[in-house]
Amino acid sequence: MNASSQAGTSLLKNKVYMRVYSAFATATFGDWFDALAIQVLVGYRWQASPLMLALIPVSIALPGILLGSVAGVAADRLNKLKLMRMCDLLTALLTVLVLFAPSMVWLLPLLMLRAAISTLNVPAQQSMTRSLVREDQLLQATSLNGIVNQGSKIAGPLLGGFALSVLTPQWCILINACLRGCSYLLLLTVKNSEAGQVSPESKGDQEEHVSLRTMWKEGWSFMLRSRLLLNSMLFGLVGALAIQMIDFQFTSLFRIIAPSEESMLGWLVAATGVGAILMIMVMNKMNRGTGYGWKLGTGYALIGVSVGGLGLLQPGVSSLPVLLLGFVLGLGNGMFMITFNYCLQKETPPHMTGRVFGIQSTILSGVMIGAPLLGGMLVQAAGPSRIFLNFGIVIALIGVLGIVFGRMLWPVQKEKSDSSTEQPGKIKVMET
């Protein structure tokens, strides 16, 4: 029990982890600044059609399909620290090029190249986190990552919205390039020897003699043999299919309900971040032994309710309903992502973490090829409001099914075996 109570503070005293964490926080904040700027640039300034908007997530997802699993193997096989440094530096350079893109013809290939670099960065960052912290600190580490990811949803869009009211979207893109450079400089302060000393249990070095192809096959084999991980991936895949139909159509919806308010989309994203952070803090205190099923299902149900509610908004709506629905969306997103990412981290041995997150990247990137295009065509044909309402209902129903069949898909005894060894903490990334 004493060791448990120490876990909460000792992670913050882990200087190597905190420097890596600070670099991650800096880069994530810049990404949200950038994402809002690109949506405003393409949706409001260039007046791109729903189908053209759908090409943005497709161009971002394609590298994940081609490179996701290989990137996961690279994260387990190569020096994670050097890989993350390289990714930050190349991302900063590509973001500078995005700054000068004159049209979609130039923007899409640049986003694709930048996404290819991120495909390497995500499993490397996850694998680094897994190796830098103790088993009893995993939930707390993923929690801190998630607070940064969701907190950047608040600060990034708010400051980005302010910057957009004074400056151009290009300035926000430039800020992201600068922050990526800062992340690179922070990682330079971490020595390879320091990172190696913190992860004595890591088995990556023992696998240097194993071929990349063998490691790739081992990753997929492990995933397919683990019922709990496989069910989590499939459940996440089904929900992602519905969510990605409308994920990049928020600009299309807001051009109708708030045609003269470019900053309204930023307010929605900021409210989503507030809801997610609140949920992260609540889940840090919850009993993890209650099972994955109802948390994942409730997360999707809340997302579905908020998406459907946005579809019911009328032109000229005030900011209050938008903020409330964004807040509910954040609650659902926070609950789903903390549970999903903790599940992947917890149920995967340290030396397999990069491969499992690489597989996740491949699967979810595959969803983002077809779903956004189909969603763009549906929005163009039927209008965003109707599509948001219909898919909100679908996402909520998926969540309800997850709750009802939770014990069957995620056996309770799997978590019970862990509940005596760890302490509260929380989510990650994703941004995913």
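Predicted model: local features only at pLDDT ≥ 70, side-chain atom pairs only at ≥ 80, totals over all residues.
Phe 235, Tyr 300, Phe 336, Phe 340 and Trp 410 form one aromatic cluster.

**Aromatic pairs**

A pair of aromatic rings is described by the distance of the centres and the angle of the planes. The count of aromatic pairs comes to 6. Two of the pairs are set out below.

| Pair | Centre to centre | Angle between planes | Geometry |
|---|---|---|---|
| Phe 235 and Trp 410 | 5.3 Å | 85° | edge-to-face |
| Phe 336 and Phe 340 | 5.5 Å | 15° | stacked |

The angle of 85° between Phe 235 and Trp 410 is over 60 degrees, so this pair counts as edge-to-face. Phe 235 belongs to helix 10 (residues 227-246), whereas Trp 410 sits in the loop between helix 17 (406-409) and helix 18 (412-416); the pair therefore ties together parts that are 175 residues apart in sequence. Phe 235 has a relative accessible area of 9% and is buried. Trp 410 is likewise buried, at 2% relative accessibility.

For Phe 336 and Phe 340, the planes meet at 15°, which is under 30 degrees, and the pair is therefore stacked. These two residues lie in helix 14 (residues 319-346), 4 residues apart, and are thus separated by about one helical turn. Both Phe 336 and Phe 340 are buried.

**Gln 244 in helix 10**

Helix 10 also contains Gln 244. The relative accessible area of Gln 244 is 14%, so this residue is buried under the cut-off of 20%. Apart from neighbours within four places in sequence, Gln 244 is in contact with Val 367, Met 368, Ala 371 and Pro 372.

Notes
Residues numbered from 1 in each chain as written. Heavy atoms only, no water. Phe/Tyr/Trp six-rings, centres within 6.5 Å; stacked < 30°, edge-to-face > 60°. Buried < 20%, exposed > 50% of the residue type's maximum accessible area, 1.4 Å probe, protein only. Contact = heavy atoms within 4.5 Å.
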